[in-house]
Amino acid sequence: MPWNDNANPGPWGSPGGGDDRRDPPRGPSGGGPRRPGGPGGPDFNAGFEQLSNRLRDLMGGSGGRPRGQLLAVVGGGLALAWLASGFYVVQPGEQAIVTTFGAYSRTGAPGPNYHLPAPIEHVEKVAVTKLNNTLVGGSGPDSDSPAESQMLTGDEQIIDIDFSVTWRVADAAKFLFATRDPEAALKAVAESAMREVVGKTQLQPIISTGRGAVQQQTAELMQRTLDGWGAGISIVEVQIRSAGPPPEVVGAFREVNNAQQDADSAENEANTYRNRVVNEAKGDASRITNAAQGYREQAVREASGEAARFNQIYAEYRRAPGVTRDRLYIETMQRVLQSSNKVVIDAKGATAPIILPPDAFRPKSQTPPPAPAPAAPQQPERKGAQ
């Protein structure tokens, strides 16, 4: 007799039938049992049961133990994925710092590289060609931090100065491990260096023509300090964005500047007048000195010439005194009379008075006035025909 006979209990000890057996609920049409999905809906219980059966067949046998082959495949895939996570690529402008359990191990070269997967080794990439900018004194054009920007100059004046520092990473390993916060350390060094340089400089050069020297000295001092720390940072440029008195004393500072400019203008005018007068006096003195030296040279040379000529005449006179006297007399008369009009008259045997023309004693330099031009003859007027 079958086990599910209505007369005998079922295999689990429950009655297999009888009056207490209930018929399964039927659908609205009475054509069969009603499923959980509702009329015409999917049978979720059947789907879950099929999935459970497949997993049971795949994972276990008669005792429900997992299969060793599947576990080996899954474990091998996880191991390969873990090992593959160690591959990384370093860009040309980067340096890769590899640490082993947190301690520095090596620096990765540009290109594809490999490190032991986490948690054994860890890699951190640092851009070494990127230019970074740090602002000191204020983060924007309208913001100001007096604690950072107000400094004391060499002449005991207060100046409000904002500047920026352009820097880059020179050594990635030192940059990461030398200081806890490299950017904060850089900003503190920049402020300290600027205060030291400003404290040795007068106020006027900082706000006018001495900014370049202040920037250069600050950059050099920052670089020496960072190199002493081994920070691995290279300072590219220090640029002063604004420099002037604090806002509370701007008006008084402008008045002082105006007064200083007026004083400088008056001093420049005085210096100009002084230079002009001194130069004119020096020119006059030089001209008088040169004229005196020329006159002295001329007088000396003329005297030397006259002395030499006298010596020559005296030598000739000693050899022929009469001839020399006649010659000196003739030459002297020639020099005296050569520029005057002369009329030589032999009065021997003259019986009548001599009448000279009016032009005889006129100087040769005076030329007679030109004769007036003859007037043009006037033509008689013609009378018209009557």
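Lysine 200 pairs up with glutamate 196 in a salt bridge, with 3.6 Å between the closest N and O atoms; the term stands for a side-chain nitrogen of Lys or Arg within 4 Å of a carboxyl oxygen of Asp or Glu. Lysine 200 is exposed, at 67% relative accessibility, whereas glutamate 196, at 39%, is partly exposed. Here buried means under 20% relative accessible area, exposed means over 50%, and partly exposed is whatever falls in between (1.4 Å probe, protein chains only). The model is a predicted one, so to speak of a local feature takes a pLDDT of at least 70 and to count a side-chain atom pair takes pLDDT 80 or more, while totals for chains, interfaces and linings use all residues. Residues are numbered from 1 along each chain as its sequence is written, and side-chain values use heavy atoms, with hydrogens and water left out.

By this rule the salt bridges come to eight. Another of them brings the side chains of lysine 187 and glutamate 148 together, at 3.4 Å from N to O. Since lysine 187 sits in helix H5 (residues 182-199) and glutamate 148 in helix H3 (residues 146-149), this pair ties together parts that are 39 residues apart in sequence. Helices and strands are DSSP runs numbered from the N terminus (H or I, at least four residues, for helices; E, at least two, for strands). Glutamate 148 counts as buried, at 17% relative accessibility, but lysine 187 is partly exposed at 29%.

The side chains of aspartate 284 and arginine 287 meet at 3.0 Å, N to O, and both residues lie in helix H8, three residues apart, or about one turn of the helix. Aspartate 284 is partly exposed, with 36% relative accessibility.

The count of aromatic pairs comes to two. For phenylalanine 310 and tyrosine 314, the ring centres are 6.4 Å apart and the planes are at 15°, so this pair is stacked. The rule takes rings of Phe, Tyr and Trp (its six-membered ring) with centres within 6.5 Å, and calls planes under 30 degrees apart stacked, over 60 edge-to-face and the rest tilted. Phenylalanine 310 and tyrosine 314 are four residues apart in helix H8 (residues 250-319), and therefore separated by about one helical turn. Phenylalanine 310 is exposed, with a relative accessible area of 56%, while tyrosine 314 is partly exposed at 45%.

On to the strands. Three of them make an open, antiparallel sheet in the order E3-E2-E5, where pairing takes at least two DSSP bridges between two strands. Strand E3 (103-108) and E5 are the edge strands, each pairing on one side only. Neighbouring strands are turned by 30° against each other on average, direction ignored; axes are lines fitted to C-alpha atoms, for helices over the stretch in contact, and angles run from 0 to 180 degrees between N-to-C directions. Strand E2 (residues 94-100) and E3 run antiparallel and are joined by five bridges, with threonine 100 standing opposite alanine 103 in E3.

Finally, the surface carries a nonpolar patch formed by Trp82, Leu83, Phe87, Tyr114 and Leu116, with about 500 Å² of accessible area together. Patches take residues with over 30% relative accessible area and no salt bridge, joining like charges within 9 Å and nonpolar side chains (Val, Leu, Ile, Met, Phe, Trp, Tyr) within 5 Å. Areas come from the Shrake-Rupley method with a 1.4 Å probe, and for residues only the protein chains shown count as cover. Leucine 116 is found in the loop between strand E4 (111-114) and strand E5 (121-127), and is partly exposed, with a relative accessible area of 41%.
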